[in-house]
Amino acid sequence: MNDKGMDLRFWGVRGGIPTPGAEYTRYGGNTSCLSLTTDQGDLLILDAGTGIRRLGNLLLLKHPDGGIDATILFSHLHWDHIQGIPFFKPLFDKRNRFTLMGQDSRDVAFKDSLQVQQSSNFFPVDLNYMSAEKLFRSLAEEELKIGNLTIRSRRLNHPGGCLGYRIEYAGNSIVYATDHEHVDTGADPVIVDLARDADLLIFDCNYTPEEYEEGRQGWGHSTWAHAITNAREANVGRLVLFHHDQDHSDEQMDRIVADAGQQCPSCVAACEDMVIRLRPERPPMVDRSLCVVGITR
Ligand SMILES: [Zn+2]
Ligand SMILES: [Zn+2]
């Protein structure tokens, strides 16, 4: 098999709050976290929700003597995107090196917000106690290189702000656009521009269209229907429904997938441990072999 390209693994797919419990086992209960690895050894982590804990444990198994060098790219600093950081064990080993990137809020630097999460009122262990080498970089709308990856960031529509990212490598492109509320029923120019001809669009599908209409306007999230509108307009290869509402059980998620599938047969709902493999000149391959319990689509 040709290994050239990048692999994306979903470690947490929930929005809001983790959802333990039997009714959430198939799609998973951890909050947002993905890892992206390239055949050249790049490791990019997207968000640090509670899913990052298991990623950390796997990294320790693979690198018992340290030497992990990775970047954690934050969409924004709401709890469901940062709460895994204090439990990410590779940060406790001084032989590892992490670059943490995210947006400043209005009056607080990105690094300071992460530090507040681990101040003694909220958590027993200070961020500075985590001895890995840590580099902090504040991001705005910009283009940057991270290792062999080319990345473009755009501001999304979300209370407190959020950044969406387009990530390109070896002719493939992924767009990570979570925590975004549409402002109109039509396609969103910001998302369409960011996701134009991308192989993969991972998009905020927190609500069903009915839930959104029933009073969730202004809460900063979108629907699967809007995701499909954007994916079509942007000519995206494959749409991934992401940031599942904390109250959507597996059964409800199956219904959402069925409803969305009627309009967009190729779309797929993110679930924990799903891997998507991107290779040049080939459509994204969805691999669920690591998922504990299989999902029918
Ligand atoms: Zn969120
Ligand atoms: Zn948010």
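Me: Which residues in α6 meet which residues in α7?
Reply: This is a predicted model, in which local features need pLDDT of at least 70 and side-chain atom pairs count only at pLDDT 80 or more, while totals for chains, interfaces and linings use all residues. Residues are numbered from 1 along each chain as its sequence is written, chains are lettered from A and ligands numbered from 1 in the order in which they are written, and side-chain values use heavy atoms, with hydrogens and water left out. Contact means heavy atoms within 4.5 Å, and helices (H or I, at least four residues) and strands (E, at least two) are DSSP runs numbered from the N terminus. On the α6 side W224, I228 and R232 take part, and their partners in α7 are I256, D259, A260 and Q263.

Me: How many residues of each class are in the contact of α6 with α7?
Reply: Ala, Val, Leu, Ile, Met, Phe, Trp, Tyr, Cys and Pro count as nonpolar, Asp, Glu, Lys and Arg as charged, and the others, Gly among them, as polar. Sorted in this way, the contact has four nonpolar, one polar and two charged residues.

Me: Are α6 and α7 roughly parallel or roughly antiparallel to each other?
Reply: Helix α6 covers residues 224-233 and helix α7 residues 250-263; their axes come within 10 Å and cross at roughly 30°. Axes are lines fitted to C-alpha atoms, for helices over the stretch in contact, and angles run from 0 to 180 degrees between N-to-C directions. Angles under 35 degrees count as roughly parallel, over 145 as roughly antiparallel, 65 to 115 as roughly perpendicular and the rest as oblique. The relation of α6 to α7 is therefore roughly parallel.

Me: Is N230 buried or exposed?
Reply: N230 belongs to helix α6. Beyond its neighbours within four places in sequence, N230 is in contact with A187, D188, I191, V192 and F203. Buried means under 20% relative accessible area, exposed over 50%, and partly exposed in between (1.4 Å probe, protein chains only). With a relative accessibility of 0%, N230 counts as buried.

Me: Within what arc do the buried residues of α1 fall?
Reply: Helix α1 spans residues 52-62, and its buried residues are I52, L55, G56 and L59. They line one face of the helix, because the arc that holds them, seen down the axis of α1, is 100°.

Me: What is included in the cover of the buried residues of α3?
Reply: In helix α3 (residues 110-117), the buried residues are F110, S113, L114, Q115 and Q117. Their cover includes α2 (79-82), β5 (97-102) and β6 (133-138).

Me: What is the relative accessible area of D273?
Reply: D273 lies in the loop between β13 (268-269) and β14 (275-278). It has a positive phi of about 75° although it is not a glycine. Most residues other than glycine have a negative phi. D273 is buried, with a relative accessible area of 6%.

Me: Phi of A170 is also positive; what is the relative accessible area of A170?
Reply: A170 is placed in the loop between β9 (162-169) and β10 (172-177), with phi near 50°. A170 is partly exposed, at a relative accessible area of 30%.

Me: How many Å apart in space are S75 and L201?
Reply: S75 sits in the loop between β4 and α2 and is buried, at 0% relative accessibility. Apart from neighbours within four places in sequence, its contacts include D47, H81, Q103 and Y176. L201 is 126 residues away in sequence, and the C-alpha to C-alpha separation is 15 Å.

Note on methods:
Arc of directions from axis to C-beta.
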